Amino acid sequence: ATPSIAFSTSSFTLTKGTAMSTTTPSSTGGTVVTWNISPSLSAGLSFDTSTGTLSGTPTEVSVSTLYTITATNTGGSDSATVTIVVNDIAPSSVAYSPSSFTLTKGTEMTATTPTSSGGTVISWAVSPSLPAGLVIDSSTGVISGTPTAITASATYTITATNTGGDATTTVMIVVNDVAPSSITY
């Protein structure tokens, strides 16, 4: 008799470096002789061709991919599909050093690069917008520029994001006017 297979879960969202729950398909009908999966699984994941079991610890990030699993015996074959996505480890411990900036209107600030732990940050964002003349590089998180307006002390939330999630930190920025000079009578 032709086998009939099914997975209790057809969609897996995994995290790089974290073992997935071992998953074996159910099979009714004839005894399965061979199991096959197409395309090949992401690095670190494995497929047991004698049982159809999915297992392992993913070692690289991968986009959502549809896999076809086929069970075959002398009576024929049956297929089931599963979707697997491997997200990165979420960023953590995001920080700027220093985290407080007292700047002067018209004077370029020293570009400041953030540090982070966890997975690789894909994008950086700030809220609210930085003072006029300052920018955050959305791919590196570097804050730089020359402030063009006086700005009262304010706190800005920086968000570091990847496929696994996000982490935030804050910086304080104040932009003072240029000090008076060359006063004569």
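Setting aside neighbours within four places in sequence, Ile-69 is in contact with Ile-5, Phe-7, Trp-35, Asn-36, Ile-37, Phe-47, Leu-54, Asp-78, Ser-79, Ala-80 and Val-82. Keep in mind that this is a predicted model.

So where does Ile-69 belong? The largest nonpolar core has 19 residues, and Ile-69 is among those touching the most other members, along with Leu-41, Leu-54, Val-82 and Ile-84. Strands β2, β4, β5, β7 and β8 each supply at least two residues of this core. Which strand gives the largest share? That's β8, with four residues. And there's a second, separate core, this one of 18 residues, including Leu-103, Met-109, Ile-136 and Ile-173.

Now, the sheet. Four strands make an open sheet, and the order is β2-β8-β7-β4, with mixed pairing. At the edges you'll find β2, residues 11-15, and β4, residues 34-38; each has a single partner strand, so one side of each has no neighbour in the sheet. From one strand to the next, the twist averages 25°. Thr-15, for instance, has Asn-87 in β8 as its bridge partner.

Next, have a look at Gly-52. This glycine sits in the loop between β5 (45-47) and β6 (54-56). Buried or exposed, would you say? Gly-52 is buried, with a relative accessible area of 0%. Beyond residues up to four places away in sequence, Gly-52 touches Phe-7, Thr-23, Pro-25, Trp-35 and Phe-47. For a sense of distance, take Asn-162, 110 residues along the chain from Gly-52: their C-alpha atoms are separated by 32 Å.

Okay, zooming out to the whole chain. How many helices and strands are there? Zero helices, and 16 strands. The C-alpha atoms fill a box of roughly 105 × 20 × 20 Å along the principal axes. The radius of gyration is 27 Å, whereas a compact globule of 185 residues would come out near 16 Å. Buried residues make up 35% of the 185. As for contacts with a separation of 6 or more, 63% of them are between residues 24 or more positions apart. And last, the surface: the chain exposes about 9700 Å², with carbon and sulfur atoms supplying 51% of that.

Methods: Residues are numbered from 1 along each chain as its sequence is written. This is a predicted model: local features need pLDDT of at least 70, side-chain atom pairs count only at pLDDT 80 or more; totals for chains, interfaces and linings use all residues. Side-chain values use heavy atoms; hydrogens and water are left out. Buried means under 20% relative accessible area, exposed over 50%, partly exposed in between (1.4 Å probe, protein chains only). Contact means heavy atoms within 4.5 Å. The radius of gyration is taken over C-alpha atoms; the globule rule is 2.2 Å times the number of residues to the power 0.38. Accessible areas come from the Shrake-Rupley method with a 1.4 Å probe; for residues, only the protein chains shown count as cover. Two strands pair if DSSP finds at least two bridges between them. Axes are lines fitted to C-alpha atoms, for helices over the stretch in contact, and angles run from 0 to 180 degrees between N-to-C directions. A nonpolar core is a set of buried Ala, Val, Leu, Ile, Met, Phe, Trp, Tyr and Cys residues joined through side-chain atoms within 4.5 Å.
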